[in-house]
Amino acid sequence: MPDPASTQTFPVALTINGTRHELSLPPWVTLLDLLREQLGLTGSKKGCDHGQCGACTVLIDGQRINSCLILAVSRDGAEITTVEGLAHGNQLHPLQAAFIEHDAFQCGYCTPGQICSGVGLMREGHIRSRADIREQMSGNICRCGAYTNIADAIADVLGEQSISREAAE
């Protein structure tokens, strides 16, 4: 006989990239799995599945969050933006364009999470230096080592081109 708890679902309403979704979900479904497996939004990547790499970063109500750590049912009513939702039609988000201009990716696996984290970081509004960018982006790992170019892209969009390159780079 099946365990009733294993088939129990909960109603959840999420606005994802501007589209409202009325869903019925089991309580254990992570936001990342919902996005990738049920909604086909595969930009966010499953890297470590422990919140340590940042490849799954999305914006929830404007805040950058590791979607692998969030149960989808816990965000009922939230507005979620994935990398797919940053562009407006064919017009890339300025940070997406800056990543291309500054060659801020190599393999591209971490890029969606890096971009979403960068957008959230810029919205937070407390970056004063390149060191701040590097510190605030430290939760997003790039195995290819494109960190300098990622910081360049963010600084460019912030208009902080006067930020001097630090010797540590």
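Trainee: Which exposed residues does the face of α3 turned away from its buried side carry?

Mentor: I100 and E101. This is a predicted model. Exposed here means over 50% relative accessible area.

Trainee: Which residues of α3 are buried, and what makes them so?

Mentor: L95, Q96, A98 and F99 are the buried ones. The cut-off is under 20% relative accessible area. These four residues of α3 count as buried by that rule.

Trainee: How do you know that the buried residues line one face of α3?

Mentor: Look down the axis of α3. The buried residues fall within an arc of 160°, so they line one face of the helix. In general, an α-helix has 3.6 residues a turn, so residues three or four places apart point the same way.

Trainee: What do the buried residues of α3 pack against?

Mentor: Two helices: α4 (111-124) and α6.

Trainee: Which residues make the contact of α3 with α6?

Mentor: From α3, P94, L95, A98, F99 and E101. From α6, I150, A153, I154, D156 and V157.

Trainee: How many residues of that contact are nonpolar, polar and charged?

Mentor: Eight are nonpolar, none polar and two charged. Asp and Glu count as charged, and the contact includes E101 of α3 and D156 of α6.

Methods. Residues numbered from 1 in each chain as written. Predicted model: local features only at pLDDT ≥ 70, side-chain atom pairs only at ≥ 80, totals over all residues. Heavy atoms only, no water. Contact = heavy atoms within 4.5 Å. Buried < 20%, exposed > 50% of the residue type's maximum accessible area, 1.4 Å probe, protein only. Arc of directions from axis to C-beta.
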